[in-house]
Amino acid sequence: MKALVTGATSGIGMSLAEKLYKRGWELILTGRNEKVLNEMKERFGKGTEIICADLSKKEDVFRVYDFCKEKDIEILVNNAGYGIFGKFDETDIEDEINMLNVNITALHILTKLFLRDFKKKDHGMILNVASVAGFMSGPLMSSYYASKNYVLRLSLAIYEELRRDRSNVSITVLCPGPVATNFNNRAGVKFSVKPISADYVSEYALKKLFAGKFFAIPGLTVKLGAFGSKFVPHKLMSAIVYEIQHGKLKDRED
């Protein structure tokens, strides 16, 4: 049993790797931090492989797939991703394009390539890490929210295709709310509500993955927010999200 985990060197990705390891899975781990990857390889020992890669670069994404394609991967975890805070016309365009390449393009490529392999053998599981942000628009984090909308909608479409094909391949989408990781530090803001732990999120995600469920939305409040957003007019929801994100800006200034 072997799993590939992207963005494995911190946060949810690292926690997922640890929990898969404890369940007896062999791991292929990828991320940009080679030092942490080597530390994880040493900690997990035999059966763990690493490949240092920058998934904002398309050639690195294909290099990761080429490294894995003959290794009989049974679980793909698309966890790599990050956010950028600020008004759309003020955020740095190069950083934003890199973010979209990681959050969307890399996930798209790996999902497609591994899905083809999984369908050929009629077996395999995909865990795509989205966010509760995937259910709404996000002023002041517009591109990040839009990228997670893409992950959610793409995954849902694939789920229906697999269902119609009566395939034994499964896809699960993880949609957490605030999680205590390095995400907001990289985005340059503070959480406006108390975050939940990465360990709680990853354990919940794996339970849903192994049960063959599509949605993995940890936390009752986040569940209510995700599904309640369907009944709120889009413009009103966008205004609400703006106030939430603007609160983070004020916290940062304080």
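Which residue in S6 is the bridge partner of leucine 127? Keep that in mind as you open this predicted model, and let's walk through it.

**Stop one: the sheet.** Colour the strands and read across them: seven strands make an open sheet, ordered S3-S2-S1-S4-S5-S6-S7, with parallel pairing. Now pick out strand S3 (48-52) and strand S7 (215-216); these stand at the edges with a single partner strand each, so one side of each has no neighbour in the sheet.

**Stop two: a strand pair.** Select residues 125-129, which are strand S5, together with residues 170-174, which are strand S6; five bridges join this pair in the parallel sense. Zoom in on leucine 127 and you have the reply to the opening question: its bridge partner in S6 is threonine 172.

**Stop three: helices on the sheet.** Show residues 11-22 next. This is helix H1, packed on the sheet and touching strand S1 (2-5), strand S2 (26-31), strand S4 (75-78), S5 and S6. The direction of H1 makes about 170 degrees with that of S2. Then select helix H3 (residues 58-68), which lies across S1, S2 and S3 and runs at about 155 degrees to S3.

**Stop four: the cores.** Display the side chains of Leu4, Phe114 and Phe135, the residues with the most contacts inside the largest nonpolar core, a set of 49 residues. Helix H4 (93-121) is among the elements giving two or more residues to this core, and the largest share, 10 residues, comes from H4. Centre the view on phenylalanine 114: leaving aside residues up to four places away in sequence, its contacts are Leu4, Tyr65, Cys68, Ile73 and Leu76. To finish, select Leu20, Leu27, Leu37 and Phe44, which are included in a second, separate core of 29 residues.

Methods:
Residues numbered from 1 in each chain as written. Predicted model: local features only at pLDDT ≥ 70, side-chain atom pairs only at ≥ 80, totals over all residues. Heavy atoms only, no water. Pairing = 2+ DSSP bridges. Helix = DSSP H or I, 4+ residues; strand = E, 2+ residues; numbered from the N terminus. Contact = heavy atoms within 4.5 Å. Axes fitted to C-alpha atoms, helices over the stretch in contact; angles between N-to-C directions. Core = buried A, V, L, I, M, F, W, Y, C linked by side-chain atoms within 4.5 Å. Buried < 20%, exposed > 50% of the residue type's maximum accessible area, 1.4 Å probe, protein only.
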